[in-house]
Amino acid sequence: MSVRAGKIMALAGEKLANKSDKELQVLFKSALDNGMHGLCFSPYEEGQEAGDEISEEQIRRRMEIIKPYTKWIRTFSCTDGNEIIPRIANEYGIKTLVGAWLGDDDDINKREIAGLIKLAKDGYVDIAAVGNEVMYRGDLTEDELLDFMNEVKQAIPDVPMGYVDAYYEFTDRPRITEACDVILANCYPFWEGCPLEYSLLYMKEMFAQATSAANGKKVIVTETGWPNMGTNFEGSFPTYDNAMKYFINSQKWSKEDGIEMFYFSSFDESWKVGDEGDVGAYWGLWDKDEKLKF
């Protein structure tokens with residue numbers, strides 16, 4: 001990085017650098033009350049994990065908490081009770097980016113795709129997401145993923161469809177990019193070891209790379225966030241203040257530049273420590289007991 005670039009990047013965090021906890025809390029609450037474009041919806045209560053059956057009661061309770069603050073929600077699965085989420089969101093007037101979770105189990109994949117198509121035909125899907133970071137994990141080949149995307153596109157041609165992955169995958173995999181109606185990019189400065197003070201400009205660079213690959217298609221930031229506790233990842237430190245600053249900065253950018261962004265996440269989920277280490281449990285704006293953290 002050049003000295004000039006370093007100075008410019010440092011300026012991004014300068015306005016918040018010297019704020020007290022109290023001042024940050026006020027700015028955080030103002031950004032939250034001002035409303036988000038979108039929020040990733042975390043349905044799992046303490047003791048549950050992905051694959052467990054979730055109830056309509058717990059979905060409604062959590063939807064009631066977040067509904068004043070977001071226009072859209074993003075879901076990650078169309079099975080095990082997750083298929084109830086878009087219907088309830090529709091009742092509350094919240095738009096939906098509905099995901100089919102694809103992995104290395106063919107039977108589950110087929111159920112997920114069938115669930116997504118049914119929800120869309122019933123009128124509960126505003127944007128359909130076929131898979132989440134499948135290429136990143138290596139669960140499917142490109143051809144297998146494209147087959148699922150084409151199946152969804154043919155079944156629900158009037159619903160915008162895309163695939164969710166890290167922003168750089170859309171540069172690396174032009175066939176997948178071409179198959180998308182909309183580019184659904186995850187942008188995580190935290191997971192690339194970026195210090196908080198440079199994180200907003202780094203996220204803008206991520207978005208610009210996805211936009212360049214998109215060839216004129218809309219780019220939506222489907223996940224971004226910052227944990228408030230746990231072990232640092234290289235230069236990224238999960239602290240109470242850093243999580244607030246990241247939220248404030250990202251929401252300001254979303255509003256000012258008209259970026260459609262889904263913040264990750266709504267509620268803390270302890271089960272995620274298995275995949276992500278101790279920070280996995282602390283990405284929510286609300287804690288595992290559904291109390292606003294900041």
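Trainee: Which residues have the most contacts inside the largest nonpolar core?
Mentor: In soluble globular proteins, nonpolar side chains tend to be buried together. In this predicted model, the largest nonpolar core has 90 residues, and Met63, Leu116, Val130, Met149, Val152, Tyr163 and Leu285 have the most contacts inside it. Helix α10 (residues 196–214) gives the largest share of this core, eight residues. A nonpolar core here is a set of buried Ala, Val, Leu, Ile, Met, Phe, Trp, Tyr and Cys residues joined through side-chain atoms within 4.5 Å. Buried means under 20% relative accessible area, exposed over 50%, and partly exposed in between, with a 1.4 Å probe and protein chains only. Helices (H or I, at least four residues) and strands (E, at least two) are DSSP runs, numbered from the N terminus.

Mentor: Before we go on, some ground rules. Residues are numbered from 1 along each chain as its sequence is written, and side-chain values use heavy atoms, with hydrogens and water left out. As the model is predicted, local features need pLDDT of at least 70 and side-chain atom pairs count only at pLDDT 80 or more, while totals for chains, interfaces and linings use all residues.

Trainee: What is methionine 149 in contact with, leaving aside its neighbours within four places in sequence?
Mentor: Contact means heavy atoms within 4.5 Å. With those neighbours left aside, methionine 149 touches Val130, Met161, Tyr163, Ile176, Ala179 and Cys180.

Trainee: Is alanine 214 buried or exposed?
Mentor: Alanine 214, found in helix α10, is buried, with a relative accessible area of 1%. Apart from neighbours within four places in sequence, alanine 214 is in contact with Thr177, Ile183 and Val219.

Trainee: At what angle do α5 and α7 pack?
Mentor: Two packed helices are described by the angle between their axes and the distance between the axes. Axes are lines fitted to C-alpha atoms, for helices over the stretch in contact, and angles run from 0 to 180 degrees between N-to-C directions. Helix α5 (residues 106–121) and helix α7 (residues 142–155) pack at about 25°, with their axes 10 Å apart. That makes α5 roughly parallel to α7; the cut-offs are under 35 degrees for roughly parallel, over 145 for roughly antiparallel, 65 to 115 for roughly perpendicular, and oblique for the rest.

Trainee: How do α3 and α4 pack?
Mentor: Helix α3 (residues 56–66) and helix α4 (residues 84–91) pack at an angle of about 40°, with axes 10 Å apart. These two, α3 and α4, are therefore oblique to each other. Their contact is made by Glu56, Ile59, Arg60 and Met63 of α3 and Ile84, Ile85, Arg87, Ile88, Ala89 and Glu91 of α4.
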